[in-house]
Amino acid sequence: MITQRRLSFFAVSVRCLAAVIALVCVASGARIVAQAAEPDAKDTATKNTAAKDTAAKRPNVLFMLTDDQRWNAMSCAGHPHLKTPNIDRLAREGVRFANAFCTTSLCSPSRASILSGLYAHSHGVTNNFTEYPTKLESFPRTLQSNGYDTAYLGKWHMGEENDEPRPGFNYFVTHKGQGKYFDTEFNFHGRERKVVKGYYTTVITDMALEWLKRPRKGPFMLMIGQKAPHSFYFPEPKYEHTFDDVDVQYPKSAFMLDDKPAWLKKRLPTWHGIYGPLFDYRKKFPDSSPEAVKDFAAMTRAYWGTIQSVDDSVGRLYEYLRETGELDNTLIVFMGDNGLLNGEHGMVDKRTMHEASIRVPIVARYPKAIAAGKSKPRVIDAQVLTLDMAPSVLDICSAPPLAKTHGRSWKKLVGEGDPDWRKSWYYEYNYEKQFPYTPNVRGIRTDEWKYIRYPHGDGKPDRHQGELYRIAKDPEESTNLIDDPKYAEVVATLRTELTQLIEAAGAVPDKMPLDEGIKSELPDKAIR
């Protein structure tokens, strides 16, 4: 028989054994949990390497922006006289957007749209004297906050008298106003102002190459703002006489104004007309004599000459990227901020919604997202806008999108095609007292049609004749169909769609100044 003492001893022994087993289990469990929570050194190294590889795969960005370059001022776009082999190479190895447009044909508003993806009424830069809002998002700012080393070098042109650094850039070099083709005074990131001797295009390219050579851990985003080919036109000496033997005449459309709004004829002798001073190339004006075309020819040849130096700059930057092994890991964008009228419909400058004013050159190269053409250069015919540049750059760089944008990324469009791409868009420009040569403009461009109206700014019926062109068949806008009764339904449909596009973009109410008419006085010398 088992005694009570033996039972007590047995019970204690069992409890002790259970406690030991429990301790062993807890310790083992702790080791298992610790092993699950703390991967070994090999796993850690693998994950760190993967993270570095992901960062390394983010493309650099080289964004080259010209000023007032016409859409066809490149040999790859079919220009009969300009030779731009370096820009052409980008187009051959990437893509050219044949139907690219600005939504306001004026330097500062268009530049702000490129940075923000927003229409001018939304970003607030509606003229050439307004600063880019310091709190407004931009694609450089987003890239900067996502590890990119960012820089802007050259003509900023938003805030005429401010040459101080702007948000979004680790390094910022610019100047006040338009700058000069020779010997411009630059502000080097707010630390020093000094005149840099030499030709603007070459000087800025030298600065760009110097900045690119700086050591950095992550990808870079470099924007270059060229002065060329903005007026007044002074080519580099080696290109000063390149086009002396080219015959230049006024375009035929300059003398086909009978079916156009009357204000176009009023503009002819002004600062923005072909009979005016032509940016100082005509000393005695207005001059409508046939012989005065020589001044127009001299101006045009000088304009072309400045672009030759821009092409040289593109070549130097391309070669540096190739030599350093960064070429195929860099998204290269070459584009103009707005178009330029060079005699079309009797006008010079821009601002209007006519084709030469709104069309811009855009070429992009990045083999990992933009496949080159096999037998011939790739050309995209879809309508791409300045509004699309910010979303596209951020998309290709796998960066967060901007909180608000009116544009859209063309990455899918160039990669695989985009059946949902836009078929229409609208244009806005507001009358300027400083340059009283263009009314308020609102218009719509579809793949087939263009309709332009000129609101007076007081909410009453338009006082200027409108314009309607079947742009698909009449790209030179030769015949204004606005008063042809058989197109009344087309006008009504386009006007309704224009209103819908304006509302969709948030421009309600659609604010604009009062049109004070076309005037003959010259603009202030300080802002020309």
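Which residues form one aromatic cluster with Trp271? The cluster consists of Phe232, Tyr233, Trp271, Phe279 and Tyr303. The model discussed here is predicted.

## Aromatic pairs

Rings count as paired if their centres lie within 6.5 Å. By this rule there are 27 aromatic pairs. One of them joins Phe243 and Trp304 in an edge-to-face arrangement, with 5.3 Å centre to centre and 75° between the planes. The partners come from distant parts of the chain, 61 residues apart. Phe243 belongs to the loop between strand E8 (220-225) and helix H8 (262-267), while Trp304 belongs to helix H9 (residues 293-323).

Both Phe243 and Trp304 are buried. The 75° angle is over the 60 degrees required for the edge-to-face class. A pair of aromatic rings is described by two quantities, the distance of the centres and the angle of the planes.

## Charges over rings

For Phe188, the charged end is that of Lys194, 5.3 Å from the ring centre. For Phe435, the charged end is that of Arg351, at 4.5 Å from the ring centre.

Is Thr205 buried or exposed? Thr205 counts as buried because its relative accessibility is 1%, and the limit for that class is under 20%. The residue lies in helix H7, which covers residues 200-212.

The side chain of Thr205 makes a polar contact with the side chain of Ser313 at 2.6 Å. Leaving aside residues up to four places away in sequence, Thr205 touches Gln226, Ser313, Arg316 and Leu317.

Strand E1 (residues 60-66) is mostly covered, with seven of its seven residues buried. In a regular strand the side chains alternate between the two faces of the sheet. On one side of E1 are Asn60, Leu62, Met64 and Thr66, and on the other are Val61, Phe63 and Leu65. The residues of both sides are all buried, so both faces of E1 are covered.

E1 runs parallel to strand E9 (residues 330-336), to which seven bridges join it.

Methods:
Residues are numbered from 1 along each chain as its sequence is written. This is a predicted model: local features need pLDDT of at least 70, side-chain atom pairs count only at pLDDT 80 or more; totals for chains, interfaces and linings use all residues. Side-chain values use heavy atoms; hydrogens and water are left out. Rings of Phe, Tyr and Trp (its six-membered ring) pair if their centres lie within 6.5 Å; planes under 30 degrees apart count as stacked, over 60 as edge-to-face and the rest as tilted. Helices (H or I, at least four residues) and strands (E, at least two) are DSSP runs, numbered from the N terminus. Buried means under 20% relative accessible area, exposed over 50%, partly exposed in between (1.4 Å probe, protein chains only). A charge sits over a ring if NZ of Lys or CZ of Arg is within 6 Å of the ring centre and within 35 degrees of the ring normal. A polar contact is a pair of N or O atoms within 3.5 Å; within protein, one must be able to donate a hydrogen and the other to accept it, and residues adjacent in sequence count only if both atoms are side-chain atoms. Contact means heavy atoms within 4.5 Å. Two strands pair if DSSP finds at least two bridges between them.
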